[in-house]
Amino acid sequence: MFLISTSIIVTNTPLVYGQTNQSVSNSDLLNIPAKKVNVGDIDIAYKMLGKGDPIILFNGASDNMNAWDPSFLNGISSNHTVIVFDSRGVGNTTAGSKPYSMQLLANDTADLLDALNIDKADVFGYSLGSFIAQQFAVMYPEKTNSLILVAATCGGKDGINQPPEFMKLQYEIVNKSLNNVPISQEEMKSLVTASLGSGWIRLHPESLDIPTNMTFQQMKPGLPPDTMNNQNNVGHSWTASNWSGACDELAKIAKPTLVITGTDDNLYVPHVNSFKIVEKIPGAWLVQIKDAGHAVMDQYPEEIGKILNTFLSTTSTPPS
């Protein structure tokens, strides 16, 4: 699976369901100074905001820690300490020398929490970040309080993969991106339509007003080509059919689990994968958001924040 851009909204769009008229700027997060901590062979850049029990957020592919929507962060940081960070090789986190793998990314996160003296956290992952979040929960159940998965698949033999024609499009765009070749407007429209979904495009046709001759480096300047290639490779290994997937292991550790999907996510991570997750994990919550695609985090950020707060307040374990 190639996850070259998990959330693409090129133009500003009108307010959507679940959002208020309050204007929220991303300047708050951008103005928080990033800190760095050395763990193993890398320096991890991170930020912390809010107060309360800790929750750590795993980005989608190609995004750095400043990509989270401010209205989402504002909603959850009112009663949680939110940790955002740049993954290995992204933004201001160094790439290190170890072979890139899902297990390595999970280890990086465990080391980050240890460095911050955080014993246990709620774990939130979006798209590729949901894969890493699952790997983290399986490897470090003692550090995982609850698990929130958005646009996710457990991967492996039970997973539903991308349609072949969309996989081919992504291969072609990845190759162009690695060679800094402009992506055609038609390719970009196909990518954006896949990301946003047909319902959103119908409601917001201006979302397809896309500049011509864009390169992926212009869209994601903080993502080195080597890291993009590494992310694509681990994403592909996660969805390969030569292993059993993470669902059964997640069921064994029995953590409170919330799964969120857009009903129009049919190409990037087909939303039927979310059904498989909740079928496998007893007691898991499933929330389907209408007229949302794979970019659901950018389309309905405030609504997702409210859903998350409800889940955490309902399933949190009282202090002993």
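Which residues does Ser-77 touch, not counting residues up to four places away in sequence? Ser-77 touches Leu-49, Gly-50, Lys-51 and Val-82, where contact means heavy atoms within 4.5 Å. The model is predicted, so that local features need pLDDT of at least 70 and side-chain atom pairs count only at pLDDT 80 or more, while totals for chains, interfaces and linings use all residues. Residues are numbered from 1 along each chain as its sequence is written, and side-chain values use heavy atoms, with hydrogens and water left out.

Ser-77 is found in helix H2 (residues 70-77); helices (H or I, at least four residues) are DSSP runs, numbered from the N terminus. Ser-77 counts as buried because its relative accessibility is 12%, buried meaning under 20% relative accessible area with a 1.4 Å probe and protein chains only. A polar atom of the Ser-77 side chain lies 3.5 Å from the backbone oxygen of Asn-74.

Two packed helices are described by the angle between their axes and the distance between the axes. The axes of helix H3 (residues 102-115) and helix H4 (residues 128-139) come within 9 Å and cross at roughly 70°; axes are lines fitted to C-alpha atoms, for helices over the stretch in contact, and angles run from 0 to 180 degrees between N-to-C directions. H3 and H4 are therefore roughly perpendicular to each other, a class that covers 65 to 115 degrees, whereas angles over 145 count as roughly antiparallel. From H3, the contact is made by Met-102, Gln-103, Leu-105, Ala-106, Asn-107, Thr-109, Ala-110 and Leu-113, and from H4 by Phe-131, Ile-132, Gln-135, Phe-136 and Met-139. These residues divide into 9 nonpolar, 4 polar and no charged; Ala, Val, Leu, Ile, Met, Phe, Trp, Tyr, Cys and Pro count as nonpolar, Asp, Glu, Lys and Arg as charged, and the others, Gly among them, as polar.

Helix H4 also holds Gln-134. At 0% relative accessibility, Gln-134 counts as buried. Its side chain reaches the backbone oxygen of Thr-153 at 3.1 Å. Not counting residues up to four places away in sequence, Gln-134 touches Leu-149, Ala-152, Thr-153, Cys-154, Trp-238, Ala-246 and Leu-250. The C-alpha atoms of Gln-134 and Cys-247 are separated by 8.7 Å, although the two residues are 113 residues apart along the chain.

A further helix pair is formed by H5 (residues 164-178) and H9 (residues 225-239), whose axes come within 10 Å and cross at roughly 155°. That makes H5 roughly antiparallel to H9. Tyr-171, Val-174, Ser-177 and Leu-178 of H5 make the contact with Pro-225, Met-228, Asn-229, Asn-232 and His-236 of H9.

Note on methods: Helices (H or I, at least four residues) and strands (E, at least two) are DSSP runs, numbered from the N terminus. Angles under 35 degrees count as roughly parallel, over 145 as roughly antiparallel, 65 to 115 as roughly perpendicular and the rest as oblique. Buried means under 20% relative accessible area, exposed over 50%, partly exposed in between (1.4 Å probe, protein chains only). A polar contact is a pair of N or O atoms within 3.5 Å; within protein, one must be able to donate a hydrogen and the other to accept it, and residues adjacent in sequence count only if both atoms are side-chain atoms.
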